[in-house]
Amino acid sequence: MDQYQKHIRNFSIIAHIDHGKSTLADRLLETTGLVARRDMKEQFLDNMDIERERGITIKLQTTRLHYRARDGEEYIFNLIDTPGHVDFTYEVSRSLAACEGAVLVVDATQGVEAQTLANVYLALDEDLEIVPVINKIDLTSADPDAAKAEIEDIIGIDASEAPLISAKEGINIEEVLESVIRTVPAPSGDPEGKLKALIFDSYYDNYKGVVIYARIFDGVVKAGDQIRLMNTKKKYEVTEVGVFAPGLTPVEQLRAGEVGYICASIKQVADARVGDTITLDNAPAETALPGYKKLQSMVYCGIYPAEGEKYENVRDALEKLQVNDAAFLFEQETSTALGFGFRCGFLGLLHMEIIVERLEREFDLGIVTTSPSVIYKVVMNDGSELMIQNPSNLPPQTQIHHIEEPLVKANIMIPKEYVGSIMEICQERRGVMTHMEYITENRVTLHYGIPLNEVIYDFFDALKSKTKGYGSLDYEMLRYERSNLVKLDILLNKELVDAFSMIVHESKAYARGRFVCEKLKDIIPMHQFEVPIQAAVGQKVIARETVRALRKDVLAKCYGGDISRKKKLLEKQKEGKKRMRQFGSVEVPQEAFTAVLKYDENK
Amino acid sequence: MKPLGLYIHIPFCKRKCNYCDFLSWGNTKKEDHTAYVEALLAELQYYADQDMLLDSVYIGGGTPSLLERDLILRIMEGVTGSFALSEDAEITIEANPGLLDLDKLMAYRRAGINRLSLGAQSLNDEILHFMGRIHKSNTFIDNFYLARDCGFENISADLIFAVPGQTVELWIDSLEKAISLGAEHISFYSLQIEEGTPFYGLWEKGAMKAVDDETDRRMYHEALKRLKNKGYVHYEISNAAMPGFESRHNLKYWSMEEYLGVGLGSHYYINGTRFSNETNLEKYLRISKGVKEGREVCNDPLSYLAPWVVWHHKNTEVDEISEFLFTGLRKIEGISLSAFEERFGKPVTAVYENAIGKHSRTGLLELNMKEDRLRLTAKGLDLFNQVLVDFV
């Protein structure tokens, strides 16, 4: 091991949402003097608004810290923060692969959660040393001993030495740093060897182009080097290398064992894929680093400009988002009901929600989203196979031999008192339990095989609602399975509105159809004529509601003093009409599209 | 110069009714009334040098008949002191049953008031009680005859239908009683549950259910049928009168003719501009006091703002046109195509080609070139807002 490597520690922090990962990261920054407390916004490392609001990290932020340890030596810490959601498992695994260790933060009041566990397993897969830390010991409900016992029981690592801290109150933060020095090994790797650097994140900068976050395993990289990305086989010239201090700080070179950034005039993040290996073009490594995977969209939906919003604005925003998000796909599509728009692919539901929210908030766009869908494998009578993610593209039933749908393995961790109600919602959603394990006396993990199209609908909301927020879920793709699926159409005033179409299991069609009809009945305003709302499978109507005809819409009085005021009321009514979507003769408020997807406690 | 209408607002009632959201207060003292009338007189006086001719005066509220006889007389003196009245001027006072007597009625007559608008609302005592009215059915009938005896030959009765708990039969019973009394003019309003009223509170809590639209319209159409059978002319959405007894004053509102308003919170429309007065009573009184003591400068209200004005808006051509339609289509006869073109220099069909086409096709609007009319159909009257959203 080279001398400089001895004082480097590369590590991540693993924690469940709300267990204090970001707060701890902030404290570490503060303790090492990088950011003065007064300059800190809460949770410095989570710098996207949506993340801040939801208290979860989506985008990685990586920081270099300097720390003078109790042994008198100065250490460099590369803190590689990881996203905290099930949709980003692959990104997490690549970030972990860039580290030698991981700090595991466990909430002293809640213990180990499903997502924590999933990430710990990912870390163990990468042979990382785990540094357990018990957080929130300042709370009266904290039970550090129970948390330690859970870590030992469930994960099987020694937690007796785990620092007891409060990130919020800044208690025992230095203990965490000392534990990292003791437990996490210094990086190894040969600076004289052929360059091997792992891309674990990237983002697009207007001036520098794509900024690659990389861990150098072997060799050295510096400005002017011709590099090659071993999986995509693309070549670039390095314009700048540097470290995160925490802002981008150029350095002369990055050596084996170090973590930093590389700029090479790359136009979009999709060209510098997470997991790819960077090597030198004139002296390439023989093999790439293991673990590279192409991202696979699991959830799709249509995104359309709302009434009064320009198609171009939506397209520009989607392009901007894609530059920074290699996992987000979109292409143009047309809906009879909604006109020109886009079919978008996401890693999962949360990923979809984040993109939609960013379009609405950061880009201030009015958009309409259609029901999320998974990719179905349609086997035709002639034996050919089609992959369909837009229900409108489903061929006529007569040509279809059968349809297969993606099945996921879902691990649901819940306090034991909720087992009954969660089994119920899983069963309602066609889940099949493979096994159930008591991870502690009070906590249970349910393992289910469940169709993804049930998970993306409202499963997460239902789980949270039934467990008062204590349930957690992670899932991974299992396989395609033949299933009895039908296309459920919605007709307004006898006309099909394609944007409402969805593919559902035959056993659910009736209930879902009725639910959508009822919702629409509440949302669609009265027209001058009766508006029948029908749910149909093929030619067969399976549910029907009617919006009664408007019989009266008149102001009884309008005298001298009323004219201005009543005219304003009419103008308001007119504004409301503008926000409606016209489908044939029927006007539908835009919120109808989201309302039919919402989890309803009473249904 | 075309004669103006004058509206005078009296913001006092004996008590506030459960459905009322007008600018008025119950339980006020006589001193308040006197002070208010003093202020009102200052505002009337303000217009003394304007050479304005009135052909309608409307004393409304609130409950003008709550005021002592002499206060009304002083108001009328103020009116005649400041304005010229045309010979056939329509002079209306709103009165509530239970607050009229021979003395008051005779005084009104002497002061030149020739039209009485009686707030009957219902001729069913339970409904009256539920609405928070102070009178009973018989009180109205007695007051009606008393007014007749005093020489009032133009009496209007205000009625409200679609009151929660009221059946179609109960409503028709009230209407027919008012008709049989021989009222020259009948206003019939569908109850609106307005925010801030006791009714709204009940409705919001779910303690009171609004009459459903089907029943509401049945009541309305039944009323129209009966009124027409008895010779009344249905001339505005909520108004019918024996021929020649249409309210001249109110027609000004629906024909975009000019009117002046005095008193707390009153509105007026002159020279294509809408004005509204101060609504805070104390401030209103203070302004009048200032005017009387010469501290407020008296300007020409036709080109400058009177000191009581708190809001005004000079209508653009688009405002003028849309208000012309918005008010004019409330009249059953609708608007005259030629009058529109004369006023705005272009045909209404050019301005609202799409809207007229759309609503003609759905049978809500009727464009009749031969009769020179654009008007709502019977169905269109029920769905007035649906049509007019495309005209504002």
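Predicted model: local features only at pLDDT ≥ 70, side-chain atom pairs only at ≥ 80, totals over all residues.
**Helix 11 of chain A**
- The buried residues in helix 11 of chain A are Ala509(A), Arg512(A), Gly513(A), Val516(A), Cys517(A) and Leu520(A).
- Their cover includes four strands of chain A, namely strand 26 (485–492), strand 28 (502–505), strand 29 (531–537) and strand 30 (540–547).
- Helix 13 (592–595) of chain A is also included in what covers these buried residues.

**A helix pair in chain A**
- Helix 1 (residues 21–31) and helix 6 (residues 173–183) of chain A cross at roughly 85°, and their axes come within 10 Å.
- Helix 1 of chain A is therefore roughly perpendicular to helix 6 of chain A.
- From helix 1 of chain A come Arg27(A), Leu28(A) and Thr31(A), which meet Ile173(A), Glu174(A) and Leu177(A) of helix 6 of chain A.
- By class, this contact has three nonpolar residues, one polar and two charged.

**A helix pair in chain B**
- In chain B, helix 1 (residues 30–46) packs with helix 2 (residues 69–82) at an angle of about 5°, and the axes are 9 Å apart.
- That angle is why helix 1 of chain B counts as roughly parallel to helix 2 of chain B.
- Helix 1 of chain B brings His33(B), Thr34(B), Val37(B), Leu40(B), Leu41(B), Leu44(B) and Gln45(B) to the contact.
- Helix 2 of chain B brings Leu71(B), Arg74(B), Ile75(B), Gly78(B), Val79(B) and Ser82(B).
- The residues of this contact are seven nonpolar, five polar and one charged.

**Two residues to look at**
- Lys148(A) sits in helix 5 (residues 144–155) of chain A, and it is buried because 21 other C-beta atoms lie within 10 Å, where 20 or more are needed.
- Leaving aside neighbours within four places in sequence, Lys148(A) is in contact with Ile134(A), Ala159(A), Ser160(A) and Ala162(A).
- Between Lys148(A) and Ile355(A) there are 207 residues in sequence and 37 Å in space, C-alpha to C-alpha.
- Phe130(B) has its place in helix 4 (residues 125–131) of chain B, and its 18 C-beta neighbours inside 10 Å make it partly exposed.
- Not counting residues up to four places away in sequence, Phe130(B) touches Val163(B) and Gly165(B).
- Phe130(B) is 34 residues from Pro164(B) in sequence, with 9.0 Å between their C-alpha atoms.

**Domains of chain B**
- Chain B is assigned domain 1 (2–254) and domain 2 (331–391).
- The centres of these two domains, taken over C-alpha atoms, are 30 Å apart.
- Where they meet, six residues of domain 1 of chain B are in contact with five residues of domain 2 of chain B.
- Strand 7 (residues 233–236) of chain B gives the most to the domain 1 side, with three residues.
- The domain 1 side divides into three nonpolar, one polar and two charged residues.

**Between the chains**
- Chain A puts 21 residues in contact with 31 residues of chain B.
- On the chain A side, eight of the residues are nonpolar, five polar and eight charged.

Notes. Residues numbered from 1 in each chain as written. Chains lettered and ligands numbered in written order. Contact = placed C-beta atoms within 7 Å. Nonpolar A, V, L, I, M, F, W, Y, C, P; charged D, E, K, R; others polar. Domains from an automatic or database assignment. Helix = DSSP H or I, 4+ residues; strand = E, 2+ residues; numbered from the N terminus. Axes fitted to C-alpha atoms, helices over the stretch in contact; angles between N-to-C directions. Parallel < 35°, antiparallel > 145°, perpendicular 65-115°, else oblique. Buried ≥ 20, exposed ≤ 12 C-beta atoms within 10 Å, placed from the backbone.
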